[in-house]
Amino acid sequence: MTSRIRSLTSPSGPSGPDSPAPSRRTVVKAAAATAVLGAPLAAALPARAAEAPAFLHGVASGDPLPDGVLLWTRVTPTAEATPGSGLGPDVEVGWTVATDKAFTTVVAKGSTTATSASDHTVKADIRGLKPATDYWFRFSSGGTDSPAARTRTAPAHDAAVAGMRFGVVSCANWEAGYFSAYRHLAARGDLDAWLHLGDYIYEYGTGEYGTRDTVVRPHAPAHEIVTLADYRTRHGRYKTDPDLRALHAAAPVIAIWDDHEFANDAWSGGAENHTEGAEGTWSARQAAAKQAYFEWMPVRPAAEGTTYRRLRFGKLADLSLLDLRSYRSQQVSTSSGSVDDPDRTLTGRAQLDWLKTGLRSSDTTWRLVGNSVMIAPFAIGSLSAELLKPLAELLGLPKEGLALNTDQWDGYTDDRRELLAHLRDNAIRNTVFLTGDIHMAWANDVPYNAGTYPLSASAATEFVVTSVTSDNLDDLVKVPEGTVSALASPVIRAANRHVHWVDTDRHGYGVLDLTAERAQMDYYVLSDRTTPNATASWARSYRTRSGTQKVERTYDPV
């Protein structure tokens, strides 16, 4: 893909950072693994797509810098050029950036070429913009304009920033329900950006992954995704969701991946939901998944091959984003004692060193870490058998129950010990982990030693957001919302004194509000994930006051 860019403001250079495999849970349908579901998507295209290029998957922006932002779209040049099809001609795509929605004051414009080699996705990395400023952008091709969208640049590197506000989401299973959480975040109109902490898509075939026994809307393709064409098709299906498109059009996204962008419980050499041979090699599948991700997500191409990177928001905060799938050792059973093996890693040596260096050298008030799996230790405690079984299923644990979820930092205790010791030894304060993955909402202290907490000090705090739609405990048990949480939450908290709150049952999103005095997470829940017009309501709020490394409840959202 080539681009021709003409900036109408003074340009500036880039700124920025820097035991055996588990058994397969689903039946492999190898014959379907390489099929591409093009016909149903082509039939659903508006008639005008056959006449002129169309922007059927919306527009998006991401990775905001003080002087720029990354713009994204996907153009459908002809009706047969559906995602993953490999069909369709090269087309020129122009882009325009303005300070107003009417595009009367254009500050930058240019063009690029959309080709089948990149699945007709395009990106434009815009520079020369002003810090902490709203901009509007759109694309055009063949006389057709895309919808207009808002984006926002980050504050200047040395700016004294009064506050920042981020939406926080994870775990959106298309088949389990509608993405109302995205719609409610988009409607706020007050977000500087939003964080997606992983599981933006799911890889399973139709009906193979938690939907409370009801597929609300079927995936495309219908089979489990394995090939590059499959992953492209699945990304394309997700970006037909109107609520997801609305949020992408409302604010820039900052995204990392977790396992389902690849396959369940992925690690560097494989995944629980991958059968070597019958589904090709893991290296080929992983490469296909990564290629499709970088084609379809507004993540800066310089980060290709990984999602770990760092963004800065003036003197208020920097955000270290982690990739906890590409480098990790295979998950192990706790019965083997290998969770403490110093030769096993979650982050990989280079990434852990990068994280430690960034946290130590940071001169901002807050050090945020975008973290796809929970870092706070978690013991299951004395749960009853009827609660332990669904919790074990949700966490991917053996049904007889174990003390740990080894897919989280609990399964890689040497990496966690080293990181937390680094925070203690260097007196690094105000570190806040922002986490997804577990389909539950949590507010945690992160103790140096959970076994002696609260006598052991807390090194950091952690806010975990629940799923947008993916099954949580009440879905697995098939009981009314709140039933399981009322029973499980007190037991979990009794066994984990550093856990201030856990909601095991509800779906929703978070809003993180930062000031120099505190970092506050407001948790919102949805009325019904299976209803397109689901309402959202505030559930709880927790904050960390500057300098405390402790979570406390606050009784009003920001």
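**A tour of the predicted model**

Start at Phe-103: this residue is buried, at a relative accessible area of 9%. (Buried means under 20% relative accessible area, exposed over 50% and partly exposed in between, with a 1.4 Å probe and protein chains only.) Phe-103 is not a glycine, yet has a positive phi of about 60°. Its place is the loop between strand S4 (91-98) and strand S5 (106-114). Helices (H or I, at least four residues) and strands (E, at least two) are DSSP runs, numbered from the N terminus.

This is a predicted model, in which local features need pLDDT of at least 70 and side-chain atom pairs count only at pLDDT 80 or more, while totals for chains, interfaces and linings use all residues. Residues are numbered from 1 along each chain as its sequence is written, and side-chain values use heavy atoms, with hydrogens and water left out.

Next, select the loop between strand S11 (193-196) and helix H3, where Pro-221 lies. The peptide bond from Ala-220 to Pro-221 is cis, with omega near -10°. Asp-213 lies in the loop between S11 and H3 as well. Asp-213 has a positive phi of about 70° and is not a glycine. Is Asp-213 buried or exposed? Asp-213 is exposed, with a relative accessible area of 64%.

Then go to the loop between strand S17 (441-447) and strand S18 (458-464), which holds Pro-454. Tyr-453 and Pro-454 are joined by a cis peptide bond with omega about 10°.

Now show the largest nonpolar core, which has 44 residues; Phe-179, Tyr-182, Trp-194 and Tyr-509 touch the most other members. Contributors of at least two residues each include helix H2 (180-188), helix H3 (228-238), helix H4 (242-250) and strand S20 (508-514). Helix H5 gives the most to this core, with 6 residues. A nonpolar core is a set of buried Ala, Val, Leu, Ile, Met, Phe, Trp, Tyr and Cys residues joined through side-chain atoms within 4.5 Å.

Center on Phe-179. Not counting residues up to four places away in sequence, Phe-179 touches residues including Trp-174, Arg-217, Tyr-238, Leu-244 and Val-468 (contact means heavy atoms within 4.5 Å).

Finish at helix H10 (residues 483-495), with a kink of about 25° at Ser-489, shortly before the proline Pro-490. The bend at a residue is the angle between axes fitted to the seven residues ending there and the seven starting there. Buried residues in H10 include Val-484, Ala-488, Ser-489 and Ile-492.
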